[in-house]
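Work through the exercises below with the structure open. Try each task before reading its solution.

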2 protein chains.
Amino acid sequence: MALVHTGMTMSLDGFVADRRGGTARLSDPAAAGGSEYMDALIRATGAVVMGRRTFAMAEDPDWFVGNYEFQVPIFVLTHTPPPVMPAQDGRLTFTFVTDGIASAIAQAKAAAGDRVVQALGASVVQQVLRAGLADELHVDVAPVLLGEGLRLFDDPDLEGVALEKVGVQEVGGFTSLRFRVVT
Amino acid sequence: MALVHTGMTMSLDGFVADRRGGTARLSDPAAAGGSEYMDALIRATGAVVMGRRTFAMAEDPDWFVGNYEFQVPIFVLTHTPPPVMPAQDGRLTFTFVTDGIASAIAQAKAAAGDRVVQALGASVVQQVLRAGLADELHVDVAPVLLGEGLRLFDDPDLEGVALEKVGVQEVGGFTSLRFRVVT
């Protein structure tokens, strides 16, 4: 059964986007395409669950095929599916899920086979943790302070989530923290 | 000249105290008294700058002598010094500084000799970073989500602070992240 990994890159002060919505300062050139770290992540991933906001960060929805790091089935959690289906191919498909995080995760697990489901985006991270659907939480800490913006963790209900550190890896200037979510 | 290190332990979601002001879940038994990590930190420290809030967390101000991990000169940044001077001894002294962070840091540097000044407490961390007075920022990430409480970083003006990762150390379940503050 596919495991569910959630998390993303945040600044040391906890932001996944700056005050203008930008994420450039959260990208590590050393960690980008071709690195061993990303290659391993890509090989391990069988499906992705993302929120509407993450999906919309690509200005052209047809950009994903051939460009997005994960060329796998993508499940977009949204109340308003786009009127036109974005480009898909034999590897990267889109499913717009309107009935909640549990449904999105269940569909992604079925698609991922024995590989991992990546649940990505600040809102999705919070939802999947709150719902007890995540097996691991991975946070990559960028060596930067953004001051304000969109926080990765901004939810009082996360207080009950118990974590156990399973690994720490330095990736360029970034630090990748991996936790098992204890249920 | 003494270097200034600032930072503290925060939950993975960025809090230094929970919604009730508690910090028990941010204490790692493995990292506590007697550990190599704490011993090295204590040996390196020549003076401490703390805020009024950190000072007041000890319900009895006389508790510091003989109990606080850093038995060194302590400079408390406050607008309202206590009416009665807390207990002091030949190693741990108290100075209440009412004329701002730059003055507190200057006095602490003079007291620290060639050892390090630790600037501690969420408000002090933010002030010392904003004022460009910190040489290093150390954040120990606790494997816990607190949901809400007092944030370590909650200041838009921190956006301009540039960091360079200089070290990562696992201490029990905690991860100690050390950054040079680039000026």
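**Exercise 1: the surroundings of D18(B)**

Beyond its neighbours within four places in sequence, D18(B) contacts R25(B), L146(B) and G149(B). Contact here requires C-beta atoms, placed from the backbone, within 7 Å. The model is predicted: local features need pLDDT of at least 70, side-chain atom pairs count only at pLDDT 80 or more, and totals for chains, interfaces and linings use all residues. Residues are numbered from 1 along each chain as its sequence is written, while chains are lettered from A and ligands numbered from 1 in the order in which they are written.

Solution. 
- Step 1. Helices (H or I, at least four residues) and strands (E, at least two) are DSSP runs, numbered from the N terminus.
- Step 2. Look along the chain: L150(B) is 132 residues away in sequence, yet the C-alpha atoms of D18(B) and L150(B) are separated by 6.5 Å.

**Exercise 2: the relation of the two chains**

Solution. 
- Step 1. Read the values: the rotation is 180°, the shift along the axis is 0.0 Å, and the RMSD is 0.0 Å.
- Step 2. Check the contact surface: 100% of the contact residues of chain A recur in chain B, so the same surface serves both copies.
- Step 3. Find the approach to the axis: in chain A, G14(A) comes closest, its C-alpha at 3.2 Å.

**Exercise 3: the interface**

Solution. 
- Step 1. Count: chain A gives 27 residues and chain B gives 27 residues.
- Step 2. List the elements of chain A that give two or more: strand 8 (136-142), strand 10 (162-171) and strand 11 (174-182).
- Step 3. Sort by class: the chain A side holds 15 nonpolar, 4 polar and 8 charged residues. Ala, Val, Leu, Ile, Met, Phe, Trp, Tyr, Cys and Pro count as nonpolar, Asp, Glu, Lys and Arg as charged, and the others, Gly among them, as polar.
- Step 4. Follow one residue of strand 10 of chain A, V168(A). V168(A) contacts T175(A) and L177(A), and also V168(B), E170(B) and T175(B), leaving aside neighbours within four places in sequence. V168(A) has 17 C-beta neighbours inside 10 Å and counts as partly exposed.

**Exercise 4: a hairpin in chain B**

Task: In what sense do strand 10 and strand 11 of chain B pair, and what lies in the turn?

Solution. 
- Step 1. Strand 10 (residues 162-171) and strand 11 (residues 174-182) of chain B pair in the antiparallel sense over 9 bridges. Pairing requires at least two DSSP bridges.
- Step 2. One bridge joins V171(B) to F174(B).
- Step 3. The two strands form a hairpin with 2 residues between them, and G172(B) in the turn has a positive phi of about 60°.

**Exercise 5: buried or exposed?**

Task: Are L12(A) and A40(B) buried or exposed?

Solution. 
- Step 1. L12(A) lies in the loop between strand 2 (9-11) and strand 3 (15-18) of chain A. L12(A) is buried, with 26 other C-beta atoms within 10 Å.
- Step 2. The contacts of L12(A) include V141(A) and P143(A) in chain A, and V139(B) and L163(B) in chain B.
- Step 3. A40(B), in helix 1 (residues 36-44) of chain B, has 10 other C-beta atoms within 10 Å and is exposed.

Methods:
Two residues are in contact if their C-beta atoms, placed from the backbone, lie within 7 Å. Copies are superposed by least squares on the C-alpha atoms of residues with pLDDT of at least 70 in both. A residue is buried if 20 or more other C-beta atoms lie within 10 Å of its own, exposed if 12 or fewer, and partly exposed in between; C-beta atoms are placed from the backbone.
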